[in-house]
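Student: Hey, I've got a new structure to look at and could use a guide. Can we go through it bit by bit?

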Amino acid sequence: MKISVALCTYNGEKYIAEQLESILSQTKSVNEIIICDDGSADDTVKIISHYGNQFPDIIKVYQNPENLGYVGNFEKAMNLCTGDLVLLCDQDDRWFTNKTAVIAEIFEKQSDIDIVCHNIKLFGEAINPSEEITYWDLDTPSPSTLTQPQDIIKRILYQGNVFPGMSMAIRNTFLKKHLPLKKINPVIIHDYELLLLAADKNAVWTEDQILGEYRIHPKQSIGYKTFSHFNPSEKPIFTRENLFTIFQRHPFVKKTIKGLSLHTDLEKGHTIYCLEQYKNYIKNMPFFKRMITKLKMKYYFHIFDYLK
């Protein structure tokens, strides 16, 4: 299988060389690295051009004449990829040397799979180097347990995406079928949209192996606020605010199902999910408090109005 890398850069001079070295060090070599720079004002273009001159048969550098933004830049890079597999890549992470080999083998064996998502280790200035924390530690239960039909689509649609783009590989026939992106709202960026579409037809593989490192630093686009104070040993407490967030997501779920033409039974499924979370929230309350809470939820907070 021919392997392409869609790598987007923007003012990434600090880490981009390290990322490129990790890609070029794969035991199964990549065939092309498409780098789209979105108007960097630092030395990013100088660095990636140097690598492009060193590896002209592999690295192709494109400078956008105008800033396309994070999603638009990735859409351009993905469009330019010609390989059988397209691996999304940020400018500030690191790949383990066996990443491409493991991913290619999965696609070769699983002809019905369009997207592979693997686990990743967190590292960086905000992470304790003595403690191994993975991205999937954020999620309970682990995404590797999502093995039944519709498990993944329900998880990422009802609760939010837990598979960052830098851990994704996409079959190019599927990718090109869904480009250009629909961009139905600002929350559903390129990787999330493609994941929803693939998961809707049970075509996403979750690989528990850690195949790369996700750098946590203050200037990254996504992740720093979530992980800089994250402690996997602390059991999260389910609060009333958490319950409101689940119910308030229902209009978003409905619009996403319609905008991406997902299975319509997912809407009813989210209603059931909301009600289950509501029952779990109040079930251990003393009888009197439970009755008062039910009345307040229905008539004061109008929480069930979100499900209409």
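Student: Okay, leaving aside its neighbours within four places in sequence, which residues is Q277 in contact with?

Tutor: Quick note before we start: this is a predicted model. Setting aside the neighbours within four places in sequence, Q277 touches F238, L243 and I246.

Student: And where does Q277 lie?

Tutor: Q277 sits in helix α11.

Student: Is Q277 buried or exposed?

Tutor: Buried. The relative accessible area of Q277 is 17%, and the cut-off for buried is under 20%.

Student: Switching topic: where does S22 lie?

Tutor: S22 is in helix α1, which covers residues 16-24. S22 is buried too, with a relative accessible area of 10%.

Student: What is S22 in contact with, leaving aside its neighbours within four places in sequence?

Tutor: With those neighbours left out, S22 contacts R94 and W95. There's also F96: S22 and F96 are 74 residues apart along the chain, and their C-alpha atoms are separated by 6.9 Å.

Student: Now α3. How many residues does it have?

Tutor: Helix α3 runs over residues 69-80, so to speak a stretch of 12 residues. From first C-alpha to last, α3 reaches 17 Å, close to the 16 Å expected at 1.5 Å a residue.

Student: Which residues of α3 are buried, and what do they pack against?

Tutor: The buried ones are G72, N73, F74, E75, A77 and M78. The buried residues of α3 pack against strands β1 (3-9), β2 (32-37) and β4 (85-89), plus helices α6 (172-177) and α7 (190-200).

Student: You mentioned α7. How many of its residues are buried?

Tutor: 11 of the 11 residues of α7 are buried, so α7 is largely enclosed by the rest of the structure. Among them are H190, Y192, L196 and D200.

Technical notes
Residues are numbered from 1 along each chain as its sequence is written. This is a predicted model: local features need pLDDT of at least 70, side-chain atom pairs count only at pLDDT 80 or more; totals for chains, interfaces and linings use all residues. Side-chain values use heavy atoms; hydrogens and water are left out. Helices (H or I, at least four residues) and strands (E, at least two) are DSSP runs, numbered from the N terminus. The expected span of a helix is 1.5 Å times one less than its number of residues. Buried means under 20% relative accessible area, exposed over 50%, partly exposed in between (1.4 Å probe, protein chains only). Contact means heavy atoms within 4.5 Å.
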